[in-house]
Amino acid sequence: MSAEHAAAQQGVTSGEYIAHHLTYFNSIGGKQQAIIDWSVINYDSVFFSIALAVIASLVMWLVARRASAGIPGRVQGAVEMLVEMVIDQTKGVIHSAESRKFVAPLGLTIFIWVFLMNAMDFLPVDLLPNIWRGIYGAAGHDAHHAYLRAVPTADINITMGMSLTVLLICLYYNVKIKGIGGWAHELVTAPFGTSKNPVVAVILGFVNFAMQLIEFVSKTISHGMRLFGNMFAGELLFMLIALMGAAWTGANVPSVLFFIGDLVAALAWAIFHILVVALQAFIFMMLTLVYIGQAHEGH
Amino acid sequence: MNLNATLIAQVVVFLIFVLFTKKFVWPPIVKALDERADKIKEGLTAADKAKTDLVLAEKRVGEELRKARESAANVRGSAEKQAAGIVEEARAEAAKIVADARKAAESEAQTVLQRVKEDLRGQVAALAVAGAEQILRREIDAKAHAELLANLKQELN
């Protein structure tokens with residue numbers, strides 16, 4: 001008996017289940033049709049992103065407020081380990097001590113925040129949506145339209161928002177370190193250099209500028225898309241695994257096998273996902289540091 | 001995969017979060033870390049210093065011990081010398097006393113001998129005079145011959 005069949009018996013097909021789970025709780029109450037629509041906002045992503053930021057800020061702030069040079073407690077020790085890790089990584093990439101005063105806290109923020117947002121994947125895939133369905137229904141709305149996505153980093157708006165911010169910071173440092181003139185000069189002379197022949201120099205200038213544009217765009221897009229892709233795929237796989245459990249039709253052999261398969265697969269994927277969650281958070285932070293480091297160096 | 005205003009919201013939240021971390025979280029933690037590093041450095045320096053001090057103190061103790069031993073040896077040496085001196089002095093004094101005593105005894109003996117000799121001489125002279133009187137009863141007048149007898153006595157000395 002297929003998962004689809006089983007789900008269908010409960011009134012929802014697998015496709016509908018997945019589609020429902022992939023729909024945001026947004027300001028238009030359904031799936032966004034246009035690829036880009038600035039009038040729409042995903043409440044769920046913004047809510048969880050802000051909530052996790054607030055929790056992380058509070059914990060770190062409490063630790064920081066009571067931080068002492070004496071023997072640290074466990075929480076302080078954990079935060080200190082993260083801080084030391086970020087300081088080490090930042091020192092390796094950015095050689096300006098002045099810039100590190102901003103970039104190192106930036107790295108810490110990114111790592112902790114992205115880690116927490118990724119870690120939302122560890123909650124059972126139906127937990128928050130079902131709770132939300134209850135609240136939404138109790139509030140007098142149609143529970144079938146209670147959409148909720150709990151993993152902010154599986155929303156491309158969140159990841160691209162962060163990578164765009166990183167791009168802005170890179171541009172800021174490009175101007176700050178090299179000056180407007182120096183940076184403009186670099187834009188038309190790197191990576192292919194220039195020529196003494198004015199015609200060739202102009203052509204090379206266009207080519208260089210195009211390359212620089214491509215570089216910035218591709219860095220930013222790959223930065224955001226990498227995190228989004230990993231987390232989206234992770235979330236989707238959790239949904240697919242959950243479908244096995246949804247194939248329950250009673251105490252019969254296929255149902256029990258599906259149930260066991262669900263448990264085993266979900267456990268295995270969750271354990272593997274611990275690695276993905278931490279690794280993607282670290283990669284996002286490292287790439288941020290590397291890009292800002294590149295903004296400090298001439299080609 | 002649709003872009004919308006969430007992106008802009010995220011940019012704003014991100015910047016606020018970063019500034020919060022930079023302003024309120026980062027400085028105290030880094031300060032605590034630096035202070036702890038300083039403390040540890042100080043502790044290590046103090047430990048090193050204590051070690052050096054201990055070595056110095058041990059050296060000084062050794063030095064003091066050596067000095068004390070030396071001075072004890074000196075005291076003993078001088079005491080022995082002094083004792084030897086005292087013994088020597090006493091011996092010399094004793095020898096002197098003995099010599100004096102011997103001298104005194106000798107001189108006394110000499111005096112006694114002299115007196116005895118004198119007595120004997122007197123008696124011999126008297127005997128000689130008596131003998132001569134017996135022989136020359138009549139001829140010899142003691143008064144007239146006193147000078148002669150005195151000369152005789154003198155020769156017997």
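**Nonpolar cores and aromatic pairs**

In this predicted model, the largest nonpolar core has 59 residues, of which Val83(A), Ile110(A) and Trp113(A) touch the most other members.

User: Which helix supplies the largest share of this core?
Analyst: Helices H3, H4, H5, H6, H7, H8 and H9 of chain A and H1 of chain B each give at least two residues to the core. The largest share is 11 residues, and the helix supplying them is H5(A).

User: Which residue of chain B does Ile110(A) touch, not counting residues up to four places away in sequence?
Analyst: On chain A, the contacts of Ile110(A) include Met162(A), Val166(A), Phe284(A) and Met285(A). From chain B, the list holds Phe14(B).

User: Is Phe47(A) buried or exposed?
Analyst: Phe47(A) forms a ring pair with Phe48(A), with centres 5.2 Å apart and planes at 70°. Phe48(A), at 10% relative accessibility, counts as buried. Phe47(A) has 52% relative accessibility, and the cut-off for exposure is over 50%, so Phe47(A) counts as exposed.

User: What is the geometry of the aromatic pair of Trp113(A) and Phe17(B)?
Analyst: The pair crosses between chains, from helix H5 of chain A to helix H1 of chain B, and both residues are buried. The ring centres are 5.2 Å apart and the planes are at 85°. Planes over 60 degrees apart count as edge-to-face, so the pair of Trp113(A) and Phe17(B) is edge-to-face.

User: At what distance from the ring centre of Trp61(A) does Arg65(A) lie?
Analyst: Arg65(A) is placed over the face of the Trp61(A) ring. The distance to the ring centre is 4.9 Å.

Definitions and conventions: Residues numbered from 1 in each chain as written. Chains lettered and ligands numbered in written order. Predicted model: local features only at pLDDT ≥ 70, side-chain atom pairs only at ≥ 80, totals over all residues. Heavy atoms only, no water. Phe/Tyr/Trp six-rings, centres within 6.5 Å; stacked < 30°, edge-to-face > 60°. Buried < 20%, exposed > 50% of the residue type's maximum accessible area, 1.4 Å probe, protein only. Helix = DSSP H or I, 4+ residues; strand = E, 2+ residues; numbered from the N terminus. Lys NZ or Arg CZ within 6 Å of the ring centre and 35° of its normal. Core = buried A, V, L, I, M, F, W, Y, C linked by side-chain atoms within 4.5 Å. Contact = heavy atoms within 4.5 Å.
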